Amino acid sequence: MKFVINYWRNPSGKAPVEKYIDNIDNKEERAELLSTIKGVQLYGTDAVGVEFRQIEGKLWELKIKVHGNQHRIFYVVLKGNEMILLHAYMKKTPRAPMNEIITARQRVKQLMEERK
């Protein structure tokens with residue numbers, strides 16, 4: 001299943017995942033990460049170079065490893081194939097840090113309230 005990928009935006013219109021990607025200094029790493037996200041858009045769960053993991057309920061995470069760095073992007077899927085990228089961070093510990101999960105949960109809640 002192909003996905004329509006959108007970025008969650010805060011009330012001021014900023015997209016934190018977009019900012020996270022833009023702030024990656026290594027241009028090749030940034031390009032590879034964007035290419036992997038594009039692969040998810042085109043090939044869905046069959047995309048190469050990414051793992052999908054359910055965190056809880058509707059909250060899932062993309063696990064993408066590029067240039068030795070492990071990037072994590074939390075997302076939700078709405079209306080069948082609309083994937084909303086909520087929050088991203090670079091993995092440095094064995095488990096997802098609770099503060100990262102809390103941020104993603106808050107964004108899911110805001111998104112659901114906006115979509116009512």
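Glu 18 is partly exposed, with a relative accessibility of 29%. It's a handy way into the charged pairs of this predicted model, where the count comes to five salt bridges. Three of those pairs are picked out below, each with a look at how open its two partners are.

**Arg 9 and Glu 18**
- Glu 18 pairs up with Arg 9 in a salt bridge, at 3.5 Å from N to O.
- Arg 9 has a relative accessibility of 39%, so it goes down as partly exposed.
- Glu 18 gets that label too, at 29%.

**Arg 53 and Glu 61**
- Here the side chains of Arg 53 and Glu 61 meet in a salt bridge, and the N to O distance is 2.8 Å.

**Glu 82 and Arg 115**
- Glu 82 makes a salt bridge with Arg 115, and their closest N and O atoms sit 3.1 Å apart.
- This one ties together distant parts of the chain: Glu 82 belongs to strand β5 (residues 82-90) and Arg 115 to helix α3 (residues 98-115), with the two 33 residues apart.
- Glu 82 has 11% relative accessibility, so it counts as buried.
- Arg 115, on the other hand, is partly exposed, with a relative accessible area of 39%.

- Side chains with opposite charges can pair when their charged atoms come close.

Methods: Residues are numbered from 1 along each chain as its sequence is written. This is a predicted model: local features need pLDDT of at least 70, side-chain atom pairs count only at pLDDT 80 or more; totals for chains, interfaces and linings use all residues. Side-chain values use heavy atoms; hydrogens and water are left out. A salt bridge is a side-chain nitrogen of Lys or Arg within 4 Å of a carboxyl oxygen of Asp or Glu. Buried means under 20% relative accessible area, exposed over 50%, partly exposed in between (1.4 Å probe, protein chains only). Helices (H or I, at least four residues) and strands (E, at least two) are DSSP runs, numbered from the N terminus.
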